[in-house]
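Please keep the sequence and the structure in view while reading the points below.

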Amino acid sequence: MRVPAAAIHFPDEDREEILRRIDECLKSGQLTLGSIGKELEAEFAVAHASPHAIAVSSGTSALEIPLRVLEASRGEVLVQTNSFFATAAATLSSGARIRFVDCDPATMALDPAAVEAAIGPDTVGVVTVHIGGYVPPSVRELQRICEEHGLWLVEDAAHAHGSSLDGQMAGTFGVAGSFSFYPTKVIAGGEGGMIVTADDRIAEEALIYRDQGKASFLTNDHTRLGYNWRMSEPHAAIALSQMRRLDEFVAHRRRIAARYDELLADSPLRPLEIPSNSTCNYYKYIAFLPEGVDRAELKQRLRSEYQVALSGEVYEAPLHLQSVFAPYADGPLPGAEELCARHVCLPVSAIMSEEQADLVVESVHAALAS
Ligand SMILES: Cc1ncc(COP(=O)(O)O)c(C=O)c1O
């Protein structure tokens with residue numbers, strides 16, 4: 001491929017440092033819940049302006065844990081339908097009932113009007129997702145609606161490391177935010193996740209839940225139905241190294257996105273509009289295809305004729321149309337159905353060149369024209 005769909009980047013000096021730290025863990029035998037994890041938590045908390053950050057085993061557990069602390073199982077949770085499987089799966093695993101809610105196709109974010117209309121007597125909270133790393137101004141509407149109706153708001157910020165709105169960091173708009181260090185994310189840990197919260201009780205309980213529900217590390221007193229949601233020290237070493245590159249990686253991604261914006265100014269491909277008060281990390285660069293274009297065929301042609309791989313969609317199909325969630329789907333959600341079908345994600349990475357971005361756009365234009 002002349003342009004791959006994604007590129008995971010560990011500079012040589014970072015690989016050396018990661019190996020040195022892992023070697024230290026091997027020598028000390030401190031392989032989980034140790035000092036590297038603590039360092040990662042401290043730096044992540046500072047970078048996201050959050051009083052607490054709790055490292056866990058995945059982005060999925062980073063979402064399920066706060067939902068358990070919030071006792072989501074007492075009622076129904078409104079979940080954005082254009083998201084990854086794990087958003088709904090973690091919510092269901094917490095014991096909650098779920099109701100899928102439509103998004104606003106203009107922002108790809110949860111539609112506040114649809115949320116308001118979906119609130120029922122059993123609704124206890126809302127899970128919103130910052131698709132592609134974009135924190136939209138409508139998140140403030142969600143905050144207001146939740147406050148008015150006595151609901152909590154949790155952010156699935158798996159895509160949104162380092163993103164912000166009016167200078168406020170992703171993950172800090174709700175009572176808790178969850179991040180993922182899955183390899184394709186803006187910063188990778190191999191596996192891993194992070195919970196951020198300003199709520200002391202959620203933070204304290206999260207420490208209990210992540211370690212088999214034990215009241216403390218050294219006791220065998222299990223006070224909550226936790227699980228093995230710990231982050232190992234080798235994973236923490238990888239994520240910490242990437243954490244220290246976050247600003248640099250996001251700055252590079254934003255340069256590539258700015259190049260795409262420039263090249264797509266008069267294009268039939270219409271980029272997702274991001275207002276200037278929102279700082280997107282460009283986990284994904286999202287654009288909408290003209291009507292009538294067969295996305296699968298276009299992607300296939302870009303690969304075979306131009307050696308350009310587009311990134312995976314966010315998402316190809318909304319959750320209410322996934323067969324596993326059929327029992328929870330109650331009717332069409334046209335906004336999400338339309339945008340899931342119509343968008344593409346142009347490749348972006350921390351090491352992609354502007355020349356590669358030019359090649360992507362030239363190739364897409366040529367493929368659309370022929
Ligand atoms: C929106 C969203 N939520 C949750 C997750 C789950 O994260 P993880 O794979 O780290 O469990 C992912 C990523 O994979 C995601 O994209």
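**Briefing on the predicted model**

In strand β7, V154 is the bridge partner of V127.

**Overall chain**

- The protein chain contains 12 helices and 15 strands.
- Its radius of gyration is 21 Å, close to the 21 Å given by the globule rule for 370 residues, so the chain is as compact as a globular protein of that length.
- Along the principal axes, the C-alpha atoms occupy a box of roughly 65 × 55 × 35 Å.
- Of the 370 residues in the protein chain, 48% are buried.
- Of the contacts between residues at least 6 apart in sequence, 70% link residues at least 24 apart.

**The open sheet**

- Seven strands form an open sheet with mixed pairing, in the order β1-β11-β10-β7-β6-β2-β3.
- In general, the strands of a sheet pair through backbone hydrogen bonds, in either a parallel or an antiparallel manner.
- Helix α2 (residues 35–47) lies across β1 and β11 (193–197), and runs at about 135° to β1.

**The buried helix α3**

- Helix α3 (residues 59–69) is mostly covered, with 11 of its 11 residues buried.
- The buried residues of α3 include G59, L63, E64, P66 and R68.
- These buried residues of α3 pack against strands β1, β7, β10 (176–180) and β11, and against helices α4 (85–93) and α7 (200–210).
- After α3 comes E71, which has a positive phi near 55°.

**The pair α9 and α12**

- Helix α9 (residues 246–263) packs with helix α12 (residues 354–369) at an angle of about 35°, and their axes are 10 Å apart.
- The crossing of α9 past α12 is right-handed.
- From α9, the contact involves I256, R259, Y260 and L263, while α12 contributes E354, A357, D358 and V361.
- By type, the residues of this contact comprise 5 nonpolar and 3 charged, with no polar ones.
- In an α-helix there are 3.6 residues a turn, so residues three or four places apart point the same way.

How values were computed. Residues are numbered from 1 along each chain as its sequence is written. This is a predicted model: local features need pLDDT of at least 70, side-chain atom pairs count only at pLDDT 80 or more; totals for chains, interfaces and linings use all residues. Two strands pair if DSSP finds at least two bridges between them. Helices (H or I, at least four residues) and strands (E, at least two) are DSSP runs, numbered from the N terminus. Two residues are in contact if their C-beta atoms, placed from the backbone, lie within 7 Å. Axes are lines fitted to C-alpha atoms, for helices over the stretch in contact, and angles run from 0 to 180 degrees between N-to-C directions. A crossing is left-handed if the near helix is turned anticlockwise from the far one by less than a right angle, and right-handed if clockwise. Ala, Val, Leu, Ile, Met, Phe, Trp, Tyr, Cys and Pro count as nonpolar, Asp, Glu, Lys and Arg as charged, and the others, Gly among them, as polar. The radius of gyration is taken over C-alpha atoms; the globule rule is 2.2 Å times the number of residues to the power 0.38. A residue is buried if 20 or more other C-beta atoms lie within 10 Å of its own, exposed if 12 or fewer, and partly exposed in between; C-beta atoms are placed from the backbone.
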